[in-house]
Amino acid sequence: MKKVISIILVLVISYLSAYSQEFDYSKYGEEMPIFKSLNIGSCMDAAIHKDRLFVIGHRTFYVFDIKDPKNPIVIDSISNLGNVRQLEIQEGYAYITSREDGMFVVSINDVHNMTIVAHYDSVELATGLHISGKIGAITNRIYGIELVDISNPKRPKHISSTLTDEAQSLFIHKNYVFVGDWVARKLIILDISQPNHPKKVSDVQLDGYGDGIFIQGDLCFVATGHHGAGLVEKVPTDPAWGAGHGLEIIDISNMKAPKQRSMVKFPKYYQRSPDWWDVQAVGNYAFVGDTKAGLFIVDTKNPDNPQFKGHVKLPRTVFRGEAMNDPVNGFAVGKQTLYIAGSTGLHLVDASYLPQTATVKVETSNVIPPTNNSNNKSRSTYHTGTQIYSVCVDSLMGAAYVAAGSGGVHEVKLSPAITGKQLIKTESVVYDVQLENGKLFVAEGKGGLSVWEISKDEKPKFLSRYFGKEGGVYQVVIDHESKKAALHVGTNTMDIIDIANPLSIKRLFTDVNQGTMYRFPISKQIEPSGIIGCLWLVDCYTYDIRSIPENPNKQKVLLPLGASNPSLGPINGFTFLPKGLIATYGGELIIKQSSTDNLRHSRLVNSTAPLSGKVTLLNSTLYATDRREGKVSAVDISDLNKPKLLWKNQLKGHPGYAVEYEDMVIVPAGYGGLQFFNKQNGTPLF
């Protein structure tokens with residue numbers, strides 16, 4: 001035991017040493033000093049259009065006059081844009097990804113009076129972004145890339161989604177999309193000449209996690225980070241630990257057979273967040289932002305032998321408890337000036353070595369969006385033209401209430417035929433709906449949680465609205481006995497609220513744990529004694545909602561020893577057995593009964609297909625809906641030792657939690673609509 005403890009201490013000390021390391025910059029060229037800093041709060045990205053500088057950060061979008069490049073003057077700003085991440089400018093419009101809040105489109109035609117003209121509901125956490133011609137592309141991390149029709153910027157429309165392992169950033173060049181695929185350490189090239197059916201052309205293995213992409217002529221520049229491709233064990237003593245930071249230059253003259261031309265490496269380190277890396281090529285220089293390590297300028301005149309020109313270190317600060325140089329989040333290359341976005345503000349660096357006429361050269365896409373992207377109509381599917389996230393059923397009324405994304409709330413009659421209409425028009429995107437005692441609770445993202453009184457043949461009456469302090473509201477799960485509800489709030493927060501008086505909702509408890517929350521992190525069902533579950537990317541826990549706030553009785557959900565990820569991950573989920581819980585993990589079911597601490601692994605006895613997804617248990621049938629893969633499975637678990645697959649379906653769309661009504665199973669499936677299946681065999685209901 002002493003030997004094991006000693007080894008652990010050595011690893012911890014090594015990790016902390018690497019984590020707090022001061023880098024040796026002697027081989028990275030001269031240090032480029034910052035000559036001015038604008039204290040406008042945390043900044044995430046920057047872009048230049050003509051003599052204007054645009055900056056995003058801390059839920060805000062700024063525009064500066066840079067006729068004098070070294071003396072930016074703020075003109076206007078817009079707030080309340082959520083968890084902003086990347087920024088693109090094209091033809092009088094700014095496009096901004098905002099993670100859980102999708103993409104905003106802002107008119108910048110009048111920079112003294114900018115206005116939000118559209119809010120696009122992305123499939124998942126909108127991260128990377130590139131706009132080119134009539135096509136926009138968004139990365140949704142493990143949900144791949146999403147192509148968007150922006151021929152009318154005021155009405156962006158979903159075209160298609162294509163899975164990659166974990167798309168972080170991308171770049172559109174002619175008829176192709178180049179994707180920095182993160183943990184897979186790949187550059188992926190997709191042909192989007194038919195944007196409703198993108199096709200993979202090729203990929204290139206990288207020596208680091210793939211992120212920022214920039215195309216100049218026949219060269220693709222890729223910014224990488226975290227661990228090198230040779231990583232064997234994810235520990236600081238592994239030679240590839242933290243060695244993935246660098247710039248790779250790839251020849252794409254033959255899209256089907258791209259080849260690496262060269263690579264340069266930046267300092268070796270590992271920092272979990274911020275963990276994104278950006279690159280731009282201007283003239284004979286590549287500029288690469290590498291968060292904690294700073295910004296590097298690389299002379300690429302000879303792409304087979306790039307040389308360091310210089311580097312920039314942002315001011316010292318304390319970031320998430322560590323004394324370090326402020327991380328580089330994003331940047332823009334202007335006329336002999338660099339504008340660098342950091343958590344401490346916007347920093348200006350002299351770049352007089354750039355020619356006065358240096359410009360960012362980009363070849364615009366000529367891809368034409370499809371003229372008709374409508375789904376094939378089916379009597380077993382209800383379409384709204386928007387994403388459908390969730391559904392709740394009013395059995396007495398024979399109706400379902402539907403969270404229809406940017407389409408508000410719809411009411412759908414379930415017999416004798418499937419018919420529906422918009423019931424509530426909302427200003428914000430609707431992600432979830434729950435019914436409680438004639439009141440409809442609506443999770444409206446940045447619009448908070450709204451409450452409506454529902455009665456037959458009358459227009460819904462608005463009662464109240466609750467806003468989470470840490471961001472929008474994206475899921476609501478109600479405990480009908482205690483009149484309390486659990487909410488997914490912002491990026492990674494769970495609120496427990498008292499809804500006994502819908503006119504005066506009170507927050508009772510808040511919890512934040514490691515990792516981002518993807519869609520629907522809270523277990524849809526509540527254990528009979530009042531236990532709920534919540535899932536973060538790194539941790540998952542149960543809570544006694546009825547004892548909150550006095551005694552939350554927070555318990556970590558145990559998983560198999562040796563698991564590569566201590567959490568269920570963003571795809572899977574768990575629900576409650578009469579005495580215990582059941583989860584999807586690693587393609588199988590994991591069962592923990594209250595009478596023992598042992599975990600039981602159960603693969604389906606009649607199927608070799610892996611099982612994944614968010615789960616609901618209705619009688620002895622477990623429904624698993626995998627939003628990433630578009631799969632819905634029904635499993636008989638009457639015998640926990642021998643779970644049996646009853647049926648499975650591959651859907652077009654991204655399914656949310658399944659519900660039952662009489663002899664049907666109802667599945668909200670994103671852009672695939674609200675779909676209805678026979679409970680017994682999974683065939684379309686009609």
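Biologist: In what order do the 4 strands of the open sheet run, and is their pairing parallel or antiparallel?

Modeller: In this predicted model, the order is S19-S20-S21-S22, with antiparallel pairing. Strands here are DSSP runs of E (at least two residues), numbered from the N terminus. Strand S19 (209–216) and strand S22 (259–265) are the edge strands, since each pairs on one side only. From one strand to the next, the twist averages 20°, an angle between N-to-C directions of axes fitted to C-alpha atoms, on a scale from 0 to 180 degrees.

Biologist: Why is histidine 488 called buried?

Modeller: Histidine 488 has a relative accessible area of 2%; buried means under 20%, exposed over 50% and partly exposed in between (1.4 Å probe, protein chains only), so histidine 488 is buried. This residue belongs to strand S42 (residues 484–489). Beyond its neighbours within four places in sequence, histidine 488 is in contact (heavy atoms within 4.5 Å) with residues including Tyr474, Met517 and Ile522.

Biologist: What makes aspartate 479 and arginine 546 a salt bridge?

Modeller: The N to O distance between their side chains is 2.9 Å; a salt bridge needs a side-chain nitrogen of Lys or Arg within 4 Å of a carboxyl oxygen of Asp or Glu, so the pair qualifies. Aspartate 479 lies in strand S41 (residues 473–479), and arginine 546 in the loop between strand S46 (540–544) and strand S47 (555–556), 67 residues apart. Aspartate 479 is buried at 3% relative accessibility, whereas arginine 546 is partly exposed at 25%.

Biologist: How do you know that arginine 261 and aspartate 251 also meet in a salt bridge?

Modeller: Their N to O distance is 3.9 Å, which falls within the limit, so this pair counts too. It links arginine 261 in strand S22 to aspartate 251 in strand S21 (residues 246–251). By this rule the count comes to 24 salt bridges.

Definitions and conventions:
Residues are numbered from 1 along each chain as its sequence is written. This is a predicted model: local features need pLDDT of at least 70, side-chain atom pairs count only at pLDDT 80 or more; totals for chains, interfaces and linings use all residues. Side-chain values use heavy atoms; hydrogens and water are left out. Two strands pair if DSSP finds at least two bridges between them.
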